[in-house]
Amino acid sequence: MRKIKIGSKEFKINGHTYVMGILNMTPDSFSDGGRFNRIDAALFHTEEMIKDGADIIDVGGESTRPGYRLISDDEEIDRVIPIIKQIKSRFDIPISLDTYKSKVAYEGITSGADLINDIWGLKYDNNLATVIADAKVPCCLMHNRKEPNYVNYIQDVLDDLTETINIAKSASIANEKIILDPGIGFAKTYENNLEIINKLDILSSLGYPLLLGASRKSFIGQTLKLPLTQRFEGTLVTTVFAVIKGAMFVRVHDVKENLRAVKMAKAILSEHVY
């Protein structure tokens, strides 16, 4: 069975969906800005997510909400490095670092990050692919572009991700260290977001495991006419779709409940206890 090693843990690629818990070290995150950007609060929340069944913790130091403010490499480093070190010293769980900047990635990996989660699919910082390759860490590479201008939407997404894969290969990032993300909420219209989730399995044709990050995002609010604080059930539906479509990871805020949704969906699909 194919596996991918992240930190000291091995993750089965086929037939499993793992839960990535979100830890935002930012004052302006769209969902929980400022709640966990102190070390003590962040550690408490990390412990909660681990107890709730998180398989990996995704640490982010810069909000990527619509209209987000770019921050300097040094400011981002100051936000994420202390918590990465603290998590590493206290918990036995892989850490993903959500960054698209090579300097931040290098410092994060040096401090213990086990995976780089890049929202620009190696197309923002020309040095990031080399940093990842040299460190021999896995990476999650997301589909993104500056504007949602598509001729043939699904094919264009496939072509964009193929470009990302080629950048990774050119830098000697190993195939078995690549995860792809369709980029829900990034350079996509409301309809685009719904379609890419419904057709998520088509992206598997590229030959890499997939991560879906749809938790609490605005398309859920648009669909259900609900504010941010009431997008819980909508998120659970996207998680079930991720399982049905064969995604390897779901990146979520509410770990316990989404893990239960994963287990229930897997039980139905396999017709036995997951």
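Guide: Six aromatic pairs occur in the structure, a pair being Phe, Tyr or Trp rings (for Trp, the six-membered ring) with centres within 6.5 Å, called stacked when the planes are under 30 degrees apart, edge-to-face when over 60 and tilted for the rest. A pair of aromatic rings is described by the distance of the centres and the angle of the planes. Phenylalanine 11 and tyrosine 18 form an edge-to-face pair, at 4.9 Å centre to centre and 85° between the planes. The model is predicted, so local features need pLDDT of at least 70 and side-chain atom pairs count only at pLDDT 80 or more, whereas totals for chains, interfaces and linings use all residues. Residues are numbered from 1 along each chain as its sequence is written, and side-chain values use heavy atoms, with hydrogens and water left out.

Phe11 and Tyr18 belong, together with Phe249, to one aromatic cluster. Phenylalanine 11 counts as buried because its relative accessibility is 3%, and tyrosine 18 counts as buried because its value is 11%; buried means under 20% relative accessible area, exposed over 50% and partly exposed in between, with a 1.4 Å probe and protein chains only.

The largest nonpolar core has 66 residues, and Leu23, Val59, Ile87 and Ile173 have the most contacts inside it. Helix H5 (residues 153-170) supplies the largest share of this core, seven residues. Apart from that core lies another, of 13 residues, including Phe11, Ile56, Leu115 and Cys140. Valine 59, from the largest core, touches residues such as Leu23, Ile87 and Asp98, when residues up to four places away in sequence are not counted; contact means heavy atoms within 4.5 Å.

Strands (E, at least two residues) and helices (H or I, at least four) are DSSP runs numbered from the N terminus, and two strands pair if DSSP finds at least two bridges between them. Strand S6 (residues 115-118) and strand S7 (residues 139-142) pair in the parallel sense over three bridges.

Between S10 and H9, the loop holds histidine 253. Histidine 253 is buried because its relative accessible area is 8%. The side chain of histidine 253 makes a polar contact of 2.6 Å with that of serine 215, a polar contact being a pair of N or O atoms within 3.5 Å; within protein, one must be able to donate a hydrogen and the other to accept it, and residues adjacent in sequence count only if both atoms are side-chain atoms. Arginine 216 is found in the loop between S9 and helix H7 (218-224). Although not a glycine, arginine 216 has a positive phi of about 60°, and with a relative accessible area of 15% this arginine is buried.

Key. A nonpolar core is a set of buried Ala, Val, Leu, Ile, Met, Phe, Trp, Tyr and Cys residues joined through side-chain atoms within 4.5 Å.
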